Amino acid sequence: MARVQQGNLKIIDTSKLTKQNFSGGGGPMDPVTQYQFELYKKDVENSFTKIDSHLTVIENKIDTEVSKALEKQTKWLVGSILVITGIALTVIKLFM
């Protein structure tokens with residue numbers, strides 16, 4: 001029986017692999033289990049890479065939105081200060 005690894009298409013002949021019967025932890029893994037472990041390990045690493053790249057995209061979007069909001073807030077604040085100053089000067093001119 002042959003197994004095919006996803007991705008690199010690594011083919012191994014599992015009929016030549018022998019399962020060893022160990023009586024507890026610490027011993028070497030049999031080849032089939034080691035192969036399955038490596039496949040799962042690669043899947044997990046790929047998942048973490050995808051998550052990390054997605055988080056980077058989200059971080060960039062958040063930075064852009066915060067920058068836009070800060071720019072709008074600054075414009076609003078400057079505009080409000082100008083309007084209040086204009087009103088104050090008008091009131092002062094009326095009473096002088």
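Okay, some housekeeping. The model is predicted, so local features need pLDDT of at least 70 and side-chain atom pairs count only at pLDDT 80 or more, while totals for chains, interfaces and linings use all residues. Residues are numbered from 1 along each chain as its sequence is written, and side-chain values use heavy atoms, with hydrogens and water left out.

Now the layout. Helices here are DSSP runs of H or I with at least four residues, and strands are E runs of at least two, numbered from the N terminus.

How much of the chain is buried? Of the 96 residues, 5% are buried, meaning under 20% relative accessible area; exposed is over 50%, and partly exposed is in between (1.4 Å probe, protein chains only).

Next, the surface. Val44, Phe48, Ile51, Leu55, Ile58, Ile62 and Val66 make a nonpolar patch with about 660 Å² of accessible area together. Patch members have over 30% relative accessible area and no salt bridge; nonpolar side chains (Val, Leu, Ile, Met, Phe, Trp, Tyr) are joined within 5 Å, like charges within 9 Å. Areas come from Shrake-Rupley with a 1.4 Å probe, and for residues only the protein chains shown count as cover. Val66 sits in helix H1, residues 31–95.

Helix H1 also holds Glu71 and Lys75, four residues apart, about one turn. Their side chains form a salt bridge at 3.3 Å, N to O; the term means a Lys or Arg side-chain nitrogen within 4 Å of an Asp or Glu carboxyl oxygen. Glu71 is partly exposed at 46%, and Lys75 is exposed at 56%.
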